[in-house]
Structures are given as C-alpha cells and as structure tokens.
Amino acid sequence: MNMQMKPGLWQQQTMKLAMTQELTQAITLLQYSAQELAAFLETKAVENPFIQLETPSLKALHKKERAQSGAKAADDKNWIEHIADSSYTITDYVQAQFQLKELSDKQKRILRFLLDNMDENGYMTINSEEAAALTGENKSEVQSVLDMIKWMEPAGIGSGSLQECLLLQVERRLDAPFLAETILRSHFIEFANKTWKPLAKKLGVELKDIQQAADFIRTLNPKPGASFGNGSSCYVQPDVAVTVSGETIEVHLYDDDLPKVIFEKEYFNELASHADKEVKRFIKEKEKDYQWLMRSLEQRQQTIQRVGLKIVEKQRRFFFDGPGSLQPLTMKDIAEELNIHESTVSRTVRGKYMQTPFGTYELKTFFPSGMAASSEEGETASSNQVKIRIQVLVSAEDKKKPLSDQAICSALLTEGMAVSRRTVAKYREQLNIPSSAKRKRYE
C-alpha cells in the first residue's frame, strides 16, 4: 500500500511544478514587448533542438481583427519602417563579461535563465530559491551564479531591491562617506523615511553627517541597467494598428513581424525511435516545452487582441478627433469588462504600442486618470496638468522649507486648479516625490 502511495505523490508534485512553469512562462511572455519576445524566441531556439524559427519577410503583413465590419483594408506599410538598429542591452553587456569566465554547462544554463529574468533596469525579478525551483537546479549553485552577476559591471545589477542595488555600488566606491554603507546596510528604512534625528542620536553623529551621506547616495544609480536601453531602436514596432474609414474603426493585430515558430517533426521522429530511455525522456521534455511555448504565444496574442479592442471601444472618439478627446479610463475598468485581473491588463499594455491615425502611442497612454476638480472656466482639469504643476512647484521650492501638500494645494488653487490635499498627496506619490518632511535638507 505504501509502495502504491509514493508514485502517486511524486506524480502530483511533478504536475504542480509543471503547471507553475507553464504559468510563469505565459505571464512573462504577456509582458514582453515585440522586440523582447523576438529575443526570447531566439533563446528558445538555441535551447530546444526541435524549435526552428522562420524569419518573416521584410514586407509587413497585417492580420485583421475588425471592431466593425465593412472597412477597407489598410495598405501594407513600407517594409523599411520595420528595420531596426541593432542595440546593446544590459543583458548583452553582462553576457560579454562572462565570456572571460570558464563556466560549466550547468552554470551556463543557470546564467541564461537568470539573465532572462533580469529587467531592463538591471534588477533580478526572481530570487535564488524561485530560480532553483523553476530550473530544478541546486539553490547554492544558482546563488553562486547570481553572486557572480552582482559583481559584474555596472555596479548594482542583479540586485533584488533598491537597497541592495545602492549597497553594491557603495561597496565599490572608495570616496563613499563613512556613514553611507552603515546607513544602507542597517538603517535603510529609517533613512528612507527620513527619521533622521533619532537615527543621528542612535549612530552618535550629527544631522549634517547624515545629510552628507544622503547627498552621496543620491549620486548613485538606482537603475544601473537603464542606460543600455531595453532593446529599443530608432523606431517603435506597433503591436496593434487602428485605421478609420468613415464611422468604422478597424483593428489590426501585428504578429507577422515576429519569427514563426516551427517544430522539427522529422528530427523529433528520428530521435523518438531511439531505444535509449534518457534520449526519449529528453525529447519528450523538449516536445512539452514547445507545446507550452505555443500555448503561451497564443494566450499572449489573444489577450493583446481583447485588451486592444476594448481600448478602442472605450476611447472611440480618440480615433476620430485625436488626443484631446481621451476619456478617463483605468486598467481596472478594462479588467472588469473583460473579466480578467487588473495585473493582466497592466502586463498586457507594458511596452506595447498602438498605431493610430494620429501617430503611434503606448497603450498605457489610453489610460488617463480623470479627476473631479474643475478650473475657473468650469472645465475638468486633467491629472497630467496637475502633476506637471506639482513637479514644477516642488522643483522650485526652498529645500530647507519644502512645500507641504496643503501649500501645494493652495498654490494650485491660485492657478485655477481646485484640487484636494488628498489628491495632491496621491499625485505626489505617483510622481515618486517624497513628503515635505523627507524633502527637507539639513545643512
């Protein structure tokens, strides 16, 4: 009886892990831009001998999804619009540095996986424990490769948090004030919250010493990978295109510019006939990997299509009258109408673009958060206008006596923007502007 239970438990655990890997891949692919997805597919083709990529023709073709029927199909765009400059990403830079190191095949596999999970700012979006679970490798071996990444250039890459990113940079700087490392390592929350007076007392230093350390920390790079770009180029490749004919809007889903994934069936069948059990196990894993990939790609396209169509439906006037006619819309609104999670909408619009009669826009552009405040002319003020004014007011303030949220509120009122203090605080936080207490300088 016990012998019968053990295989059952083992099978259950394996299925749970497989589903986790498939779900993780689907989520990751959804948030990839077109360029990132193409790079990912190239990686998969290297890892899986049964996956072949067929490069699309230079001339872009359009797969049409109509919001309303009866529209004339758009002409194919000039193929030259779809040729990109080769660009050097942070991942490329780190990979090049590892060419100087001798790595085992296992370490190379771990490295590729970790770099696939490093974002454009150089941050690692997965920890060693999660990476070990998803790759099936030993946690200590994964951590060893992760530590190697953290000591590559630029300083701070591979970090899992802002605190670690800044600390890695301070550790390499001989000109760092003596307090900087102590504060980042052991008192980061107190420092970030700017409860400096009790911190100064605890450390036995003066406020000006903490201010000096803060000034140095501000010179560090919170996004060490951002200077390399994100695979960007001199053009923006739209994921969705919208054309207007009369009162009809037609939505085109771009996917023909992406490499076509082909399964090498003949090669698979040739190896499948091999008597070796290990070979059979290997090819079955790679076949499953291909199936997961195709399902993830299909889900990605379907989700982009659904979200794109819903955006067009909600912002219909934009496509006739231009940017000035954008209506208040939130990702939560779209999520509720499509019966999906708000985070799914967020991942869908990340790095995606829509070509319109008025130019090419990021999908997130179609989510301007409206506000209930009114100007003296009785017109609704846009949140973007208010945010711009908040930034200007804060940048011009006396840092020894920074403006409170109420003071900003009063200043906006004199400009015809009746905004509540709570709204000011919300917009200030969205702009990543600290509170007045945290902006205060001690000299």
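The following dialogue asks why features of a predicted model carry the labels they do.

Student: How many helices and strands does the protein chain have, and what makes a run count as one?

Tutor: There are 20 helices and 7 strands in the protein chain. Strand S1, for instance, covers residues 51–54.

Student: What share of the protein chain counts as buried, and what is meant by that?

Tutor: Of its 443 residues, 39% count as buried. The term means under 20% relative accessible area; exposed means over 50%, and partly exposed is in between (1.4 Å probe, protein chains only).

Student: Why are H7 and H8 called roughly antiparallel?

Tutor: Two packed helices are described by the angle between their axes and the distance between the axes. Axes are lines fitted to C-alpha atoms, for helices over the stretch in contact, and angles run from 0 to 180 degrees between N-to-C directions. For H7 (residues 162–170) and H8 (residues 178–186) the angle is about 155°, and the axes are 9 Å apart. Angles under 35 degrees count as roughly parallel, over 145 as roughly antiparallel, 65 to 115 as roughly perpendicular and the rest as oblique. The pair is therefore roughly antiparallel.

Student: Which residues make that contact, and what are their classes?

Tutor: H7 contributes Gln163, Leu166, Leu167 and Val170, and H8 contributes Ala180, Glu181, Leu184 and Arg185, where contact means heavy atoms within 4.5 Å. By class there are 5 nonpolar, 1 polar and 2 charged residues. Here Ala, Val, Leu, Ile, Met, Phe, Trp, Tyr, Cys and Pro count as nonpolar, Asp, Glu, Lys and Arg as charged, and the others, Gly among them, as polar.

Student: What makes Glu120 and Arg350 a salt bridge?

Tutor: A salt bridge is a side-chain nitrogen of Lys or Arg within 4 Å of a carboxyl oxygen of Asp or Glu. The N to O distance between the side chains of Glu120 and Arg350 is 3.1 Å, so the pair qualifies. The structure holds 27 salt bridges.

Student: Where in the chain do Glu120 and Arg350 lie?

Tutor: Glu120 is in the loop between helix H4 (105–116) and helix H5 (128–135), and Arg350 is in the loop between helix H16 (342–349) and strand S6 (353–356). The pair links distant parts of the chain, 230 residues apart. Glu120, at 26% relative accessibility, counts as partly exposed, and so does Arg350, at 27%.

Student: How do you know that Glu285 and Arg281 are about one turn of the helix apart?

Tutor: Both lie in helix H13 (residues 277–314), 4 residues apart, about one turn of the helix.

Student: Which residues are linked in a network of salt bridges?

Tutor: Lys44, Glu47, Arg112 and Asp289 are linked in this way.

Student: Is Asn339 buried or exposed, and what is its phi?

Tutor: Its relative accessibility is 70%, so Asn339 counts as exposed. Phi is about 60°, a positive value although Asn339 is not a glycine. The residue lies in the loop between helix H15 (331–338) and H16.

Student: What is the phi of Asn432, and where is the residue placed?

Tutor: Phi of Asn432 is near 60°, positive in a residue other than glycine. Asn432 is in the loop between helix H19 (421–430) and helix H20 (436–439), and with 68% relative accessibility it counts as exposed.

Student: Which residues are joined by a cis peptide bond?

Tutor: Glu153 and Pro154 are, with omega about -5°. Pro154 is in the loop between helix H6 (139–150) and H7.

How values were computed:
Residues numbered from 1 in each chain as written. Predicted model: local features only at pLDDT ≥ 70, side-chain atom pairs only at ≥ 80, totals over all residues. Heavy atoms only, no water. Helix = DSSP H or I, 4+ residues; strand = E, 2+ residues; numbered from the N terminus.
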